[in-house]
Amino acid sequence: MRIVWKTGNSSRSRWALLFPPIVLWLAVLSLAGCGRSQPTEEAKRFQLQGEVVAVDVLHHSLVVNHGDIPGFMSAMTMPYDVADPRELEGLGPGDQIRAELVVVRGVAHLEKIAVVAKAKAAAPLASPPRHAP
Ligand SMILES: [Cu+2]
């Protein structure tokens, strides 16, 4: 009886010895996660070139079919937030643009949008649209 009690007691005291370092380690980990001066949180800037697919003025975003962005992503069609919604004025599908892709904490948005070439006028319809009387 006495031996069994001793065994249980010693394993409990071993846990008591381990517990404070674990708590300390967790505290250090959570502090490290809150660090605000990590280089990964600085804005990264990339040059983007592509064609406007759609303009969403309401949500301040732009769907762009863009070329390769070395060091960030390969060519694809995807939406991007636009920092200044005024930059969307005058943009339309088919426009060729150049812009700065800014990535802050993994979130990307576009700045300094410049139209390289306006979209060609829509091809005339084969047959004129019919109007209901
Ligand atoms: Cu993309």
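Gln96 has Ala117, in β5, as its bridge partner. The model is predicted: local features need pLDDT of at least 70, side-chain atom pairs count only at pLDDT 80 or more, and totals for chains, interfaces and linings use all residues. Residues are numbered from 1 along each chain as its sequence is written.

**Barrel**
- Five strands make a closed barrel in the order β1-β2-β3-β5-β4, with mixed pairing; strands are DSSP runs (E, at least two residues) numbered from the N terminus, and two of them pair if DSSP finds at least two bridges between them.
- On average, neighbouring strands of this sheet are turned by 50° against each other, direction ignored (axes are lines fitted to C-alpha atoms).

**Strand β4 and its partners**
- β4 and β5 run antiparallel and are joined by eight bridges.
- Val102 has His109, in β5, as its bridge partner.
- The two strands β4 and β5 form a hairpin with two residues between them, and Arg105 in the turn has a positive phi of about 50°.
- β1 also pairs with β4 in the antiparallel sense, over eight bridges.
- Lys44 stands opposite Val103 in β4.

**Core**
- The largest nonpolar core has eleven residues, among them Leu48, Tyr80, Ile97 and Ile113; such a core is a set of buried Ala, Val, Leu, Ile, Met, Phe, Trp, Tyr and Cys residues joined through C-beta atoms within 7 Å, and buried means 20 or more other C-beta atoms within 10 Å of the residue's own, placed from the backbone.
- β4 gives the largest share of this core, three residues.
- Ile113 is in contact (C-beta atoms, placed from the backbone, within 7 Å) with Glu87, Ile97 and Ala99, leaving aside neighbours within four places in sequence.

Technical notes: Buried ≥ 20, exposed ≤ 12 C-beta atoms within 10 Å, placed from the backbone. Helix = DSSP H or I, 4+ residues; strand = E, 2+ residues; numbered from the N terminus. Contact = placed C-beta atoms within 7 Å. Axes fitted to C-alpha atoms, helices over the stretch in contact; angles between N-to-C directions.
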